[in-house]
Each structure stands twice: as C-alpha cells, then as structure tokens.
Amino acid sequence: MQGRFPIRVELQSLGADEFERILREPENSLIRQYTALLATENLERRFAEDAVRTIAVMAAEITETAENIGARRRHTVLEHVLDELS
C-alpha cells in the first residue's frame with residue numbers, strides 16, 4: 001500500500017538559514033569535506049563565519065532565480081568559489 005495513498009505535499013524552497021545549517025551542522029558537511037580534501041594537498045583552509053553565511057545567501061539567491069535543485073545548490077556554489085584553489 002505504500003505510495004498509493006492520495007497525499008499531496010507542497011514544499012517550500014530552502015532559504016539562506018537552511019543552507020547555512022546544512023553547511024555547518026552535519027558530521028560530513030561540505031565545509032568539512034572541502035577542508036579535508038584540500039588538506040590532502042597540504043592546503044589548510046578555514047571558513048570564516050561570515051564566509052559560510054555568504055555562501056548560504058548566494059545559494060539561496062541563485063535558487064530563487066534558477067532551477068530549484070534544493071540543497072545541492074550549496075555544492076555548486078562551493079565548487080565555483082574553490083575552483084581555482086582546487
């Protein structure tokens with residue numbers, strides 16, 4: 001019977017606050033992943049508090065104007081920001 005109930009749910013787009021929580025809180029957050037990835041190349045990278053907030057705001061703004069791909073947007077923004085360094 002799973003999946004056969006006539007239930008319809010509408011979700012709201014993620015905002016800057018949600019993107020920031022996603023960047024900071026999970027044990028394997030992207031901030032931690034990129035820090036570890038760059039450490040393999042002997043690069044020590046720390047993300048300032050305001051930098052994480054700026055990344056979250058950018059992801060939210062892009063989500064409003066482009067296709068809404070949810071939390072994956074933060075990966076796109078981080079990848080673009082760190083492209084030259086990587």
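The legends below describe close-up views of a predicted model.

**View 1. The buried side of helix α1.** Helix α1 spans residues 16–24, and its buried residues are A16, F19, E20 and L23. Around the helix axis these residues cover an arc of only 100 degrees, which places them on the same side of α1. An α-helix has 3.6 residues a turn, so residues three or four places apart point the same way.

**View 2. The largest nonpolar core.** This core comprises 15 residues. Those with the most contacts inside it are L23, I31, Y34, F47, I55 and L78. Two or more residues each come from α1, α2 (30–39), α3 (49–65) and α4 (72–81). With five residues, α3 gives the most to this core. L23 is also one of the buried residues of α1.

**View 3. The salt bridge between D17 and R53.** The side chains of D17 and R53 meet in a salt bridge, with an N to O distance of 2.9 Å. The pair links distant parts of the chain, since D17 belongs to helix α1 and R53 to helix α3, 36 residues apart. D17 has a relative accessible area of 49% and is partly exposed; exposed would require over 50%. R53 is likewise partly exposed, at 29% relative accessibility.

**View 4. The salt bridge between R24 and E49.** Here the side chains of R24 and E49 form a salt bridge, at 2.9 Å from N to O. R24 is in helix α1 and E49 in helix α3, so the pair ties together parts that are 25 residues apart in sequence. At 27% relative accessibility, R24 counts as partly exposed. E49 has a relative accessible area of 57% and is therefore exposed, the limit being over 50%.

**View 5. The salt-bridge network.** A network of salt bridges links D17, E20, R24, E49 and R53. Side chains of opposite charge can pair when their charged atoms come close.

**View 6. The salt bridge between E44 and R46.** E44 and R46 form a salt bridge in which the closest N and O atoms are 2.6 Å apart. Both residues, E44 and R46, are exposed. This pair is one of six salt bridges in the structure.

Key. Residues numbered from 1 in each chain as written. Predicted model: local features only at pLDDT ≥ 70, side-chain atom pairs only at ≥ 80, totals over all residues. Heavy atoms only, no water. Buried < 20%, exposed > 50% of the residue type's maximum accessible area, 1.4 Å probe, protein only. Helix = DSSP H or I, 4+ residues; strand = E, 2+ residues; numbered from the N terminus. Arc of directions from axis to C-beta. Core = buried A, V, L, I, M, F, W, Y, C linked by side-chain atoms within 4.5 Å. Salt bridge = Lys/Arg side-chain N within 4 Å of Asp/Glu carboxyl O.
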